[in-house]
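These are my notebook entries on a structure that I looked up chain by chain. The sequence and coordinates are shown first.

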Amino acid sequence: MYKKRMKPVSVMMIVIMAAILVLSGCGKKANNGGAGASASPSASESASPSAPASPSASEPSSPATGAGKKVGMVTDLGGVHDKSFNQQAWEALQKLKEEDGASVKYLESKKDSDYIPFLSNFVKDGYDLTWGIGFLFQDAATQVAKQNPNAKFALVDTSVDLPNVESVLFKENEGSYLVGIVAGLTTKSNKIGFVGGMKLPVIQKFEAGFKAGVAAVNPDAKVTVNYVGDFNKPDLGKLAAASMYDAGNDIIFVAAGGSGNGVFTEAKQRFKSGKKVWVIGVDKDQSLEFGNDVTLTSMMKKVDEAVYKVSKDVLNGEFQGGKVVELGLAEGGVGLPKDNPNVSEDILKKVDEYSQKIISGEIKVPTTP
Amino acid sequence: MEQSVPVVELAGITKRFPGIVANDDISLDLRKGEIHALLGENGAGKSTLMSILFGLYQPDEGEIRVNGKAVKIDGAGKAIELGIGMVHQHFKLVQPFTVAENIVLGVEPVRGLSIHLKQANEKVRELSARYGLKVDPLVKVQDISVGMQQRVEILKTLYRGAEILIFDEPTAVLTVQEIQELMQILRQLAGEGKSIILITHKLKEIMEVSDRVTIIRRGKVVGTVRTAETSESQLAEMMVGRRVSFDVNKEKREPGPVVLEVENLTVAGGERGTHAVDGVSLRIREGEILGLAGVDGNGQHELVEALAGLRPAIGGRIALNGADVTRLPTKARIEAGLASIPEDRQKHGLVLDFTLSENMVLGSTERRRFFGGGFLKDKEIDAYAKKLVADFDVRSAGVHSRARSLSGGNQQKAIIARELERHPKLIVAVQPTRGLDIGAIEFVHERLLQARSEGKAILLISYELDELYKLSDRIQVISGGRIMGEVDPELGEDDDKIGLMMAGQASNDQGGGAA
Amino acid sequence: MSKWISSLNQPTALVPAVAILFGLVFGGIVMLLGGFDPIAAYAALVRKVFGSSYDIGETIRTITPILFTGLAVGFAFRAGVFNIGADGQYIIGMTAATFVGIKIHLPAFLHAPLAVLVGMICGGLWGALCGYLKAYRGVHEVISAIMLNWIALFLSNYLLMKFLVEEGQQKTPNIDETASVSIGWLSEAMGGARMDWGIWIGLISVALFYILLWRTKQGYDLRAVGHNPDAAQAAGINVKTTFMKTMMISGMFAGLGGVFSVLGVFHYQVASGASEGYGFDGIAVALLGGNHPVGILFGAILFGLLTYGSAGMNFDANVPTEIVRIVIGSIIFFVASHSIITKLLKPMLSRRSTNKRKGASADGNAG
C-alpha cells in the first residue's frame, strides 16, 4: 500500500522541484554569467554579429589597439538580455572586441550580493577595466575599488569618488524634456501617460523632464503617472497601459525596463483593432524592435556609446579615474533617434529649438517632479 | 455436485514478495455451481491468491486452468474474457451515474456514436430478474443503499458474462437483513450454474452458504473440507492453528455509579441538512459494557468524535464522572479519564512513522514523568514502552521500530496497551477487532472484559452483532443518528428484532432503553 | 499533501551521494554534447569555490542565507506545513533589522543583539500569520504564503521608502556601526570576503532545530501533527496552535536569514521590485536535506558551492550560461528526486540484504 503511494509522491516531488527550478530559473541566469563571447563557439552570444570561427579569434590575431587587453562587465539583476542598458553595454563591449580586438566577458548578477564577488572576479583575473552597470553598484564598486586600488572600474548610472573609478551619468531629464515636447504637440486628447518601473530617483528624472517638456508647449495637457513597481513585469506594464488608453490618453512615455514591453504590446493590440495610440520608447530607438505603427519616438540614452568610449580610453591608456562624466544633450548622451518618421517636421523643428535652449543653459530642466 | 467438472483449477501456485512467500504451492479447484469459501486470517494469502486469479499478479510458479485449459491471465481484461468476475469489498461505482450506466461502463452497447442506453437498460433488467436481484436500472447509484450497490457490482460481472464470481468479504458492509438477502442471491447464482469463490473470515456465513471450504494459513493450504462435514470450531482451529475458545468468561457484575452520561446530544454533519447525531442519550456505569449496534454510517463516527471532543456538539450535554465536559477540548477529556480505541487505528490511533516508544506516550497525561521540563525523557519513555509491550504481548522488532512495521493486530494491541495503561474511567472502543485474526480478537475481547472487571465503563461500537452479544451488558441500536431501542444480550440473539431497529424502526419498548 | 511531505522526512546518506554523482555525470554528458570539457568545467567550479580564502569566505557568505531559509522550510515540513513563504519572512526579518539598525542608537553589545532579536521575532510573526490563516481560517498555507510574500515585499518597500531611504536613493543609509554583525578580523583573514556572525548562528540553529524537534515535548507534538494530524488531534494535541507555533519558529529561521544579510553583509537595504528568492532556494535546500537539520546543512553547502562556483564554470571554463544552468539544475534535480535513485539502488541494496540474511542463516545452521 505504502509503496504504491510512493509513486504520486515522487511525481509530486519532481513537479515541485521543477517548479522551483523554473521559479528560480529566470534568476538563474544569475551567477552563471556569460562565457566570454570571444571564446564561446555556441550561439549563446546571439548579439555578436561577428561569430568568430574559432574560439581564439580575439587573441593576438587582431592588429588593433585592444589586443591582449581585457574588459569585463557585471550586469545588474536585469541580466544581459534586458533590451536596455545591460544589453547596450554588452553590445558596446562586443564592438570593442570586433573593432579593437580586446577580450570581453560579462557576468550576470542574480542577487545583490553577487556584485562584489563578480567585480572581484574580474579584478583577480587581471582585467584592464571592469564595468558595473546600474546604480546599485555604488557600494559594491566602492568596496572593491578600495580593496583593489590598482584595478580600474567604470560605472553607469551611479558615481563613486575614487581615483580608480570613472563614472558615467546621464541627464535623462533633458532627453525626456524633448520627448515631452513631441508628446505635447502630438496629443489630440490632451491626455498623456507616463509609465515608470519603480519610483526611484533615476526614473523620476524621466518623469520630471517629460512633464516639464509637455508643459512647455501644451499647458492644457495633463500627464498621468503610473509606477508599476517592477522592471521585469510586462503584464503590469500592459495593464497600466490599458487603463491609461481607456481613460483617453493617446500617448504613453514608458521608462520601465522589461515592464515597458507590455505597454508596447497593449498599443500594438489596439493598433490592430483600429485604434491609433502612441508609445514613446526609452533607452534605445525602440521603433526598431516594436515598429513604427505604435512607436512615436524614443528617448535614447546612449549607454553603448559611453561604454565604448570609456573602454576605448582605457585601451588607449587614457583612463580618467575619479572623473564623473555627465552626458546630457550637449554631450550627445541623450536625445531623439535620427529618424522619426512619425513626428512632423514642425515638431522636430520645435525640438531642435528647445534642445538649443537647454544646451545654452537658457532652460534648466528639473530632475525631480 | 462432486461429480461436476472443475471450472477453475489452481495448481501449485507460488507467489513471492520480497521477504515473504505470500502463496506457497497452493492448489485449489472450483466446480461448476459450487460456492467455495476461502477462509484464512489476515495476511494468510487469500487476497494475493485471488489477485492472481483475477490477473492482477503473475504467479512465480504454478498453473491456472480454466475449464481444463492452462491459461495465462495477464490482466483483469483477460480474466473477464475468461468469464471471471470479481465483486470487490470496496465498490467501484460512479455515484452520479445510473445503475445501468455503471453496469455498462466500459462495454457500452453503441449505436452509431451514442450509447444505446435503452438496450443496456433492458439487458440489466433481464439479468436482474433472472437472478432475483431486484435492481432498478434507472436510479442513480448515489440514491441506493449499500446492499443495492453491491448487487450492482454483481450485475456488472454478470453483464460481462462472468461464470466464475469472486466475492471479497462481501458482508462487511451489510446490515443483518442485507446479509440474509445476499446469502439468498449467492444460492440462486450457484443454482443457475455460476461458480462462486467467497472470501471471508466469518465462520457463520461459511457454514450457512458454502459447499466446500479451503483454509489457508501463512500462505499454505491447510485443507479443503466439505462444509457439511465440518463445524465452526474445527474451521477456526484449522485457520488459527490451535484450539480457539469462542466463549468468553463474562462474570456477572453489578454496575456501579454512572460514568458517562450523554443527554440529548446533537451533532451536525448528516446528509441533506440532517443531524448526524440527533438527540442521543446514553448512560454507562462503572463495570458496564454498553454495546451500540448499527449499520456503518448511522452517526457512530460523529457520536464518537463528539465524545472525544473532536467535533462540536450543537446541542445536549456530555458528562464524565458527573463533570460537564461538553465544551472541553480533547486533552481535558483525556485528563478526565477518557480513553479511546478508534475504528481506524492507522488514521486515528497511531502515528505510523513514530516509533513504538513514541506512540506509547501519545496523548499521555503524565507530563512530568515523560516530558520533564519540556524535554523528552527517553529512558523513562523506553522503559514504559517496554513494559507495555511485554504486558500486552505486542510483537515488534523492538520499541524503536516504527509503528508502520507492525502487523495490524500488533498495532491494535499497542493502542489498547496505551489506552488501558492510562487508567481511564471510560473506554470508547469502535470496531476494536476490525480486520484482526481470531487470536488477536480473543486477546482484545479478554482485555475489554478485564477492563470491565476493573470497573471501567465501556462504550463498544461494532458492526458485528456476535461481538456485541458476546461482550455487552446492554445493547442499544442506533439508526439515522437516533437510538432506536435496546435489547438484552442475556435473552439470546434476536436478529429480526435488532435487524429491524438497525433498519430504522423504533422498538416499541424503547422506554426502557436509557435505564 | 501531508503524506508526501512525510515521505520527504526520511534521512539517508547514500542516496544523496549517489544522486550528486549522477547529477555530475549527467551534467558532464550535457557539457560533452555541447562541446565543452566537463573536467575543466568542474575543476573551474572547485577552483572558484576553494581557490582562495576570499572565495571560501564568499562561499560561506552564499551558504548562510539559504541555510536559514532551508531550516525554515524543513522545520515546517516536519509539521506537515509547506512554508513557501520563507521568502516573505526573510524580507520582513531583514526590514525589521534594518529599522532597528538605523533608527535606534545603542551601544554595540545591546544594539546588534536587539536588531537580530527584533528581526527574528518579526520574521516569526509573519510566519505565524500564515499559520493562523491556515489553522483558524482554513486558508491553505501555500496560497496565503505566496500572497504574503508579495505583501511582505511591497510593505517592506513602502516602509523603507517612507521612513529610511534618503532623497535620490533606492537604498537605505548604512546601519549604525554598533548594529553590524560583520567580523572585521575574519574578513581580513579571508582576503576581504564578507564574513559575519550569521554562519555561526546558522550552525547553532541547526543544533536548535534538532533539539527542538527531537528532544522536546513541543517538537514531539509537532512531529506527531506532521506525520498524522488526525491521530495527534485524537491524542489531545492542539493541532491548530501547533501549526501556528511551527510557522512562528519557521518564520524565525527565515527572518534570521534576512537579518544577517542586512546586518552582516550589506549594512543597508535596497527597495527592490523583486525578492532575491532565498525562500525558494530554501525549499530546494530542505528537499536536498531530507528535512533533517544536518541534511539541510549539507544541502545548503551543496547549493552554495554550486551557486558560487558556477560563476567559475563559465568564467574560467567558458561554459555558456545556459549549459551551466542545466548542469546545476540536474544535480539538484537528481538529489531531490531521490525516489528515482532509491529505486535504482534498490535491487542492489536488497540483494545485499538477502545475502546478509543468507549469511546469517548459514551461520545459524553452522551454529
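**Conventions**

I worked with a predicted model, in which local features need pLDDT of at least 70, side-chain atom pairs count only at pLDDT 80 or more, and totals for chains, interfaces and linings use all residues. Residues are numbered from 1 along each chain as its sequence is written, chains are lettered from A and ligands numbered from 1 in the order in which they are written, and side-chain values use heavy atoms, with hydrogens and water left out.

**Entry 1: chains A and C**

I looked up the secondary structure, taking helices (H or I, at least four residues) and strands (E, at least two) as DSSP runs numbered from the N terminus. Chain A has 12 helices and 12 strands. Chain C has 16 helices and zero strands.

For burial I used relative accessible area: buried is under 20%, exposed over 50%, and partly exposed in between (1.4 Å probe, protein chains only). In chain A, 59% of the 369 residues count as buried; in chain C, buried residues are 60% of 367.

I then took the accessible areas, computed by the Shrake-Rupley method with a 1.4 Å probe, where for residues only the protein chains shown count as cover. Chain A exposes about 14500 Å², with 54% supplied by carbon and sulfur atoms. For chain C the surface is about 13800 Å², and carbon and sulfur atoms hold 70% of it.

A contact means heavy atoms within 4.5 Å. Among contacts in chain A with a separation of 6 or more, residues 24 or more positions apart account for 71%. The corresponding share in chain C, for residues at least 24 apart, is 79%.

**Entry 2: helix 14 of chain C and its partners**

Axes here are lines fitted to C-alpha atoms, for helices over the stretch in contact, and angles run from 0 to 180 degrees between N-to-C directions. I found helix 14 (residues 293-316) of chain C packed against helix 15 (residues 321-336) of chain C at about 160°, with axes 10 Å apart. Helix 14 of chain C is therefore roughly antiparallel to helix 15 of chain C (the class for angles over 145 degrees). Residues in this contact include C:Leu302, C:Phe303 and C:Leu306 from helix 14 of chain C, and C:Val324, C:Ile328 and C:Ile331 from helix 15 of chain C. By class, this contact has 10 nonpolar, three polar and no charged residues. Ala, Val, Leu, Ile, Met, Phe, Trp, Tyr, Cys and Pro count as nonpolar, Asp, Glu, Lys and Arg as charged, and the others, Gly among them, as polar.

The axes of helix 9 (residues 198-215) of chain C and helix 14 of chain C come within 9 Å and cross at roughly 150°. This pair too is roughly antiparallel. C:Leu203, C:Val206, C:Phe209, C:Tyr210 and C:Trp214 of helix 9 meet C:Pro293, C:Val294, C:Ile296 and C:Leu297 of helix 14. That contact has nine nonpolar, no polar and no charged residues.

**Entry 3: A:Leu336**

Is A:Leu336 buried or exposed? A:Leu336 is buried, at a relative accessible area of 16%. A:Leu336 sits in the loop between strand 12 (334-335) and helix 12 (345-360) of chain A. Not counting residues up to four places away in sequence, A:Leu336 touches several residues, among them A:Leu178, A:Val182, A:Met300 and A:Val351.

**Entry 4: positive phi in chain B**

Most residues other than glycine have a negative phi. B:Asp25, in strand 2 (residues 20-31) of chain B, has a positive phi near 55°. B:Asn321 also has a positive phi, of about 55°. B:Asn321 lies in the loop between strand 16 (315-320) and strand 17 (323-324) of chain B and counts as partly exposed at 37% relative accessibility.

Key
Parallel < 35°, antiparallel > 145°, perpendicular 65-115°, else oblique.
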